[in-house]
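Thank you for making time this morning.

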Amino acid sequence: MLIALKGIVFKTIKYAESSLICKIYTENFGVRSYMVNGVRRPKSRLHAAALQPLSILDMVVYEQANKNLQRIKDIKMAYIFEQIPFDMAKTGIALLVAEIMNKTLQEETPNTGLFNFLEQQIRFLDHSTAPETAHFPLNFLLQLSRHIGFYPHNNYDAVQRPYFHLQEGLFSNQSAAHAALHIEPPLSDVFSQWLAQPQNPLPKSSRAALLEQMLHYYRFHIENFGELHSYQVLRNLWNT
């Protein structure tokens, strides 16, 4: 059955001499893996660069039930990047976001709200100013957690609940048995203020510390989330 749909590229893998296998988050079916034949040939109608991470596509696909690998008949760019491929910081962030999505979103079920959120975030990143770009990874992780069901509960109190427990997703009056399981004061206070007003800018040091903690938070709530290669690359870029 031929179906027209929209998709966002998470990851591509080279296959044979001229093809790619693409993991794509689709508006209609959730996560799907597709074979794109001949895309790496010199005279291919579609250049492989069009399938870079976070590309937003209009596709016509052959949808066959109970198949792990579907095929694509036709692809067109639904949105042309203006800055992401040409701005090193935005390129690095795009790779980080694509890796987060690849590890986080696995279900083959449609979620229109989540798809629209992801598309809006990608377009925002492409047009963002420098301060917005710097805050983007942290804000993206926070808003994504709302869509997938573990948004942090901001019940902070400096005296009664000063510790944020990463596993429980809320503030508590007791520190966890291991330091890696919680955010302790004074960073927990900064975390609470940011949860209340995520649009407010953060100092670079606080932003970096909270990003580390948010990635740690995801490791508690997403099975096999693990370490992110793109994050290490981005850290190196930020430190140059």
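**Backbone, barrel and cores**

Let me begin with Pro 186, which is found in the loop between β8 (182–183) and α4 (187–196); helices here are DSSP runs of H or I with at least four residues, strands are runs of E with at least two, and both are numbered from the N terminus. The peptide bond leading from Pro 185 into Pro 186 is cis, with omega near 5 degrees.

Before I go on, please keep in mind that this is a predicted model, in which local features need pLDDT of at least 70 and side-chain atom pairs count only at pLDDT 80 or more, while totals for chains, interfaces and linings use all residues. Residues are numbered from 1 along each chain as its sequence is written, and side-chain values use heavy atoms, with hydrogens and water left out.

Most peptide bonds are trans, and most residues other than glycine have a negative phi. Leu 54, although not a glycine, has a positive phi of about 80 degrees, and this residue lies in the loop between β3 (30–36) and β4 (56–62). Asn 224, also not a glycine, has a positive phi of about 60 degrees, and its place is the loop between α5 (204–221) and α6 (229–238). Is Leu 54 buried or exposed? Leu 54 is buried, with a relative accessible area of 1%, whereas Asn 224 counts as exposed at 68%; buried means under 20% relative accessible area, exposed over 50%, and partly exposed in between, using a 1.4 Å probe and protein chains only.

Turning to the strands, a closed barrel of five strands runs β1-β2-β3-β5-β4, with mixed pairing, where two strands pair if DSSP finds at least two bridges between them. The twist averages 55 degrees from one strand to the next; axes are lines fitted to C-alpha atoms, for helices over the stretch in contact, and angles run from 0 to 180 degrees between N-to-C directions.

Helix α1 (residues 88–104) lies across β1 (2–15) and β2 (19–26), running at about 105 degrees to β1, and helix α2 (residues 112–127) lies across β1, β2 and β4, at about 60 degrees to β1.

Another pair to look at is α5 and α6, whose axes come within 13 Å and cross at roughly 175 degrees. These two helices are therefore roughly antiparallel to each other, a label given to angles over 145 degrees. Lys 204, Leu 211, Glu 212 and Leu 215 in α5 meet Tyr 231, Arg 235 and Trp 238 in α6.

Finally, which residues touch the most other members of the largest nonpolar core? Among its 50 residues they are Met 101, Leu 118, Phe 140, Phe 191, Trp 194 and Met 214, where a nonpolar core is a set of buried Ala, Val, Leu, Ile, Met, Phe, Trp, Tyr and Cys residues joined through side-chain atoms within 4.5 Å. The largest share of this core, seven residues, comes from α1. Leaving aside its neighbours within four places in sequence, Met 101 is in contact (heavy atoms within 4.5 Å) with Ile 8, Phe 10, Leu 54, Leu 118 and Phe 140.

Key:
Parallel < 35°, antiparallel > 145°, perpendicular 65-115°, else oblique.
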